[in-house]
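Hi,

Here is the structure I promised to pass on.

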Amino acid sequence: MPERTSRPRNKGQRTKDKVLGRRIDRHPILAFEDRDPVSFSFEGRTMTGRQGETIAAALAANGVRLFRHAEKTGRPRGFFCAVGKCASCLMVVDGRPNTMVCMEPLREGAKVERQTGRGKLP
Amino acid sequence: MRQTDVAVVGGGPAGLSAAIVASKLGARVTLIDDNERLGGQLVKQTHKFFGSKRHYCGTRGMDIAVILEQELRALPCAVLPGTSVVGLYGGRVLALASRERFTKLEFKCLIVATGAAENNLLFENNDLPGVYGAGAVQTLMNVYGVRPGTRVLMVGSGNIGLIVSYQLIQAGIEVAAVVEALPRIGGYHVHAAKLARLGVPILTSHTLIRAIGKEEVEGAVICSVDKNFKPIRRTARRLKVDTICLAVGLTPLSELLWQTGCKMVYVPELGGHVAWHNENMQTSLCNIYLAGDVSGIEEASTAMLEGRVAGAHAAAQVLGPSLEASQVITDSKAELCAIRKGPFGDKAACGKAKLAECAPLPA
C-alpha cells in the first residue's frame with residue numbers, strides 16, 4: 001500500500017541525512033556530562049563504555065543488540081525491559097553465565113560474551 | 001538478625017513516600033531496593049508532572065526522585081540499595097541478597113511497593129532484539145544517554161506511548177508512527193498534540209502484526225483492525241524501522257505478595273492479579289501493606305499518596321494511633337479521591353471499587 005502524501009510527514013523531526021552517533025550529545029533537557037571511558041571486551045573485541053553505566057547500555061552504545069540465543073529455539077534475544085525484571089538479557093560475564101546485564105554495572109576489563117541456552121557454570 | 005518496625009520493599013515513588021512518612025512518625029524503617037539508585041522509574045521521567053502543587057506539578061519526575069531521596073536521607077531510616085528480597089519466612093522475616101552476601105531482616109509491618117513490569121504483545125517475531133518496552137527505551141536514552149535506534153515504531157497511544165515518542169524525538173530519534181488498536185488516542189490530548197505538530201502519524205484502529213528481521217529488527221508490518229480488533233490483512237504495509245517500542249500496559253509485580261499468602265484477586269482495571277486491599281492499603285493480612293503500581297496500575301502521583309497512607313497506617317500499627325498519623329491518612333485519601341475523579345481516573349477508581357465488593361470475611 002502506498003504511503004499517503006496528503007500532509008508532510010515527520011516535518012519537525014531530524015532528517016535522515018544527518019547521521020547521529022549512538023551517544024546523545026545534545027538534549028533539550030538532559031546534560032550527560034563526560035564520564036570516564038571504561039574498556040571491556042565483547043566476544044573478544046575491545047569496546048569502550050562509560051563509567052556508571054550498565055553492560056547493556058554499553059553494548060547498545062556500541063551497536064550490539066543480540067545478547068544471547070534462546071535455549072530451545074536458538075532464537076536471538078536482546079534486552080526487553082532494561083530494569084531487571086524480564087531476564088531477556090542474560091549473558092556470560094567474566095565466565096559467569098546468566099548475568100542480567102541490564103542491571104550489571106560495567107567494570108574495567110570485563111569479559112562479556114553471548115550466552116547460548118542455559119550457559120555453563122565455570 | 002537485623003530488626004525493623006517497618007520494612008519497605010521498593011524505592012520508587014510509593015516506597016520512598018511510605019518510608020518517609022513512617023520514619024517521620026517515629027517508626028524504625030528499612031527501605032530495600034534492587035537498584036543502586038533510589039527513585040524507581042522516576043529517574044528516567046524527564047517530563048513535568050500535572051496536577052496540583054502538592055503533587056509536584058510542574059516538576060520533572062527525575063527531580064521528584066531527588067527531592068524524595070533527600071527527604072528520606074535526612075531521616076533515621078536504614079536504606080539498603082542494590083539489594084533484592086529473595087524470600088519471606090514465617091510471615092515475619094525477609095531474606096535479602098546483595099552482591100556481597102545474604103542477610104535476614106525481621107519486621108513488624110511490611111510495605112510492598114515493588115511496582116510493575118512491562119507487558120509484551122502477541123505478534124510474529126516479538127522476541128527479536130530491537131523490540132523494547134517503552135520503559136527500557138526511556139532508561140537507555142534518559143538515564144544512560146544512549147539512543148536505542150534511529151527510527152522507531154511506537155505501539156500504544158496511552159500516556160506512556162505518547163510521552164516516550166516525544167522523548168525519542170528530543171533525543172534525535174525519528175518516530176515513524178504511533179499505532180493504536182483502539183479507535184481513539186488513549187492518552188492526554190496535550191501529549192498527542194505535541195506529536196501531531198511534529199508530523200508524527202498517530203494511526204488509530206491499527207496494530208502491529210509482524211516484526212521483520214533475522215537477527216534484529218529491520219522493519220515492521222502494520223495494518224488496520226476492524227471494530228472487533230481483527231486485523232484487516234489487505235491493509236498491511238511495511239514500515240522501515242530498526243526499533244519497535246511497546247507501550248501496551250503494565251502488570252503489577254505481585255510475587256512477594258503471593259508469597260505472603262494474602263488474598264489475591266484478579267481485577268483487569270488494575271492490571272491483573274493484585275493483593276486485595278482496603279482503603280488503608282492493608283492486605284487481608286493485617287501487617288502486610290502495599291502501595292503504588294503493585295496495588296493497581298496508575299501513576300506516580302497516586303503511588304506517592306498510597307505510599308503515604310500505607311506508611312502512616314503501618315507506623316500507627318507499630319507505635320499506636322496518633323493524631324499526626326490519622327491526619328496524613330485522611331489528607332492523602334482525600335487527595336487520592338480527587339485525582340481519581342479526574343478524566344483519566346475512572347479506570348483505577350472502578351478497579352478499586354471492585355476490591356470493596358470482594359472484601360475477605362473476617363477471620
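A quick definition to start: helices (H or I, at least four residues) and strands (E, at least two) are DSSP runs, numbered from the N terminus. What you have is a predicted model, where local features need pLDDT of at least 70, side-chain atom pairs count only at pLDDT 80 or more, and totals for chains, interfaces and linings use all residues. Residues are numbered from 1 along each chain as its sequence is written, while chains are lettered from A and ligands numbered from 1 in the order in which they are written.

Chain A comes to one helix and eight strands, in the order β-β-α-β-β-β-β-β-β from the N terminus. Of its 122 residues, 33% count as buried (20 or more other C-beta atoms within 10 Å of a residue's own; exposed is 12 or fewer, partly exposed is in between, and C-beta atoms are placed from the backbone). Take the contacts in chain A (C-beta atoms, placed from the backbone, within 7 Å) between residues at least 6 apart in sequence: 40% of them join residues at least 24 apart.

On to chain B. Its domain assignment (bounds from an automatic or database assignment) gives domain 1 (2–117 + 250–357) and domain 2 (120–246). Their centres, taken over C-alpha atoms, are separated by 31 Å. Five residues from domain 1 and seven residues from domain 2 make the contact.

How many residues of helix 1 of chain B are buried? Twelve of the twelve, so this helix is largely enclosed by the rest of the structure. The buried residues run from B:Pro13 and include B:Leu16, B:Ile20 and B:Lys24. They pack against several elements of chain B, among them strand 1 (2–9), helix 2 (61–73) and helix 8 (323–340). After helix 1 of chain B comes B:Gly26, with a positive phi near 105°.

Helix 3 (residues 134–143) of chain B is mostly covered as well, with ten of its ten residues buried. What covers them includes helix 1 (55–61) of chain A, together with elements of chain B such as helix 4 (159–170) and strand 8 (131–133). Just after helix 3 of chain B, B:Gly145 takes a positive phi of about 70°.

Cheers

Notes. Two residues are in contact if their C-beta atoms, placed from the backbone, lie within 7 Å.
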